Amino acid sequence: MAAHPKLLRRPSILVVDDEQSMLTYTRTLLETSNYLVDTANSGEEAVAKVKRHPPDLMLIDMQMPTMNGLQTIQACRKLNPDQRIIMVSCVTETSNVVQAIRLGALDYLTKPVYKAELDAVIARCLSIGEDPEADVPVLHFTAVTSQEHIDDLSDDLFFLASSPAMKQLRAQSAIISKVDVPVLILGESGVGKEVFARLIHKLSPRSQKPFLKVNCAALPAELLESELFGYEAGAFTGAGKSKPGKFELANYGTILLDEIGEMSPLLQAKLLHVLQDGQFSRLGGRNNVTADVRVLAATNIDIEKAIAQKTFREDLYYRLNTFTLNVPPLRERREEIPALLKHSMARYARKYSQSPLEYSDRLLAACLKYHWPGNLRELGNFVKRFLVLQNEDLAISELEERSKPLVTPKTMRPAPVPIDKGLKSLVRNSKGETEMRAIEEALQATNWNRKMAAVRLNISYKALLNKVKQYRLSPPDSE
């Protein structure tokens, strides 16, 4: 395989700073690492140089007269949307860091800059998107291992990035982890939103403190409130003694509010108060409790639509939306499928005390072709089944069967009913068949998120659960 053209020459770096001593110091550090270095003592000069010949990477100081660092980043990215940039500042200002990331900066460094840290950040930023075959699905595991970035997060969770999009998100997570602000993680069900939350916690200064996850869709509003904020003895029937909530237990650590879009508006108001003041009261309590907790929130709903429908508070959204990570579905980063299969197989084989199975090119091709509506969660379940059943033909036929278009109610005819049972029985049977198909379609469209399906069907959550039980419906991946 031929080397990528950019890897055949020394990378070029443009250092932008209004202090001549800093320019000289940084240039010396970079030249000892064999980079081609150019300098600019103002944002205007930097923009002019980018216009003539964009460098591989830029180091831009935040505090400059006339045209500051943020303005310089914006102007350079407008000229060259793919321009790699690292921001440099003598102070860590949260608002500047967040804004720089939004404008496209890959990382930030705090002055004074030390060589070891500088070399590590530059090497990582130059590697982002440098795989010349990133858009071409690779069938062999050995071809992708050198391009992987893997973080072990727990026994059964790991973060893997080999596509440009995921490497970019990993870089952003590394930056934002150091800045103590809320992060909103968006993406379809199963894309790995919890993985990103755990990665941010692991890379943050809070990494040695607790990480707690609360699924906001799993509990009714009253139970969710007591789960988050705790309760005092006698607060409700059965509350024999006081109990701390997750916010108290996660003090100095991180809490992930998973599926926050399912939280009731009243509880959203209380959460907003906690985010603003860092204080709350237990159920039945009279005194405020203070907790220093970093809040990460995740959801698969359309936030803007939820705000318009008044099911999600706009002020809470803006409080959580200090920084947002949009995690792409697996079908938009198919080049990662071989590596994900490999690492999932190794982990589950170790967990189940079995030897890892090998995949043929035929099975890999089927996996690359499949659209994976359940994303990483579905892929993980696929690996588990393959490891247990050890039948490659069956695994391939499963993927092919799921790829077939769904039959809609319009193209289906209900089972015939004997005419001697009467017209009412015929109508009742036809109605039940149509209702069952409509419920199946809504559940499949929402990846079996029952609350979202109930909203789509315009029925109550309880009514949907009764219908699911009545028609004996179950997710295709249920184990």
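# Exercises on contacts within the chain

The structure holds nine aromatic pairs; rings of Phe, Tyr and Trp (its six-membered ring) pair if their centres lie within 6.5 Å, with planes under 30 degrees apart counted as stacked, over 60 as edge-to-face and the rest as tilted. The model is predicted, so local features need pLDDT of at least 70 and side-chain atom pairs pLDDT 80 or more, whereas totals for chains, interfaces and linings use all residues. Residues are numbered from 1 along each chain as its sequence is written, and side-chain values use heavy atoms, without hydrogens and water.

**Exercise 1. Classify the ring pair of Phe159 and Phe196, and state which elements the pair ties together.**

Step 1. The ring centres of Phe159 and Phe196 are 5.1 Å apart and the planes stand at 75°, so this pair is edge-to-face.

Step 2. Phe159 belongs to strand 7 (residues 158-161) and Phe196 to helix 7 (residues 193-203), so the pair ties together parts 37 residues apart in sequence. Helices (H or I, at least four residues) and strands (E, at least two) are DSSP runs, numbered from the N terminus.

Step 3. Phe159 counts as buried because its relative accessibility is 2%; Phe196, at 1%, also counts as buried. Here buried means under 20% relative accessible area, exposed over 50%, and partly exposed in between (1.4 Å probe, protein chains only).

**Exercise 2. Describe the salt bridge between Asp38 and Lys49, and determine whether each partner is buried or partly exposed.**

Step 1. Side chains of opposite charge can pair when their charged atoms come close. A salt bridge is a side-chain nitrogen of Lys or Arg within 4 Å of a carboxyl oxygen of Asp or Glu, and the count by this rule comes to 25.

Step 2. The side chains of Asp38 and Lys49 meet at 3.0 Å, N to O. Asp38 lies in strand 2 (residues 36-40) and Lys49 in helix 2 (residues 43-52), so the bridge ties together parts eleven residues apart in sequence.

Step 3. Asp38 is partly exposed at 33% relative accessibility, whereas Lys49 is buried at 17%.

**Exercise 3. Locate the partners of the salt bridge between Arg294 and Asp180 in the chain, and do likewise for Arg282 and Glu232.**

Step 1. Arg294 and Asp180 meet at 4.0 Å, N to O. Arg294 is in strand 13 (residues 294-299) and Asp180 in the loop between helix 6 (164-177) and strand 8 (183-186), 114 residues apart.

Step 2. Arg294 is buried, with a relative accessible area of 3%, while Asp180 is partly exposed, at 49%.

Step 3. Arg282 and Glu232 form a salt bridge at 3.7 Å, N to O. Arg282 is in the loop between strand 11 (279-281) and strand 12 (288-290), and Glu232 is in the loop between helix 8 (221-229) and helix 9 (246-249), so parts 50 residues apart in sequence are tied together.

Step 4. Arg282 counts as buried at 14% relative accessibility, and Glu232 as partly exposed at 28%.

Step 5. Salt bridges that share partners join Asp180, Arg206, Asp292 and Arg294 into one network.
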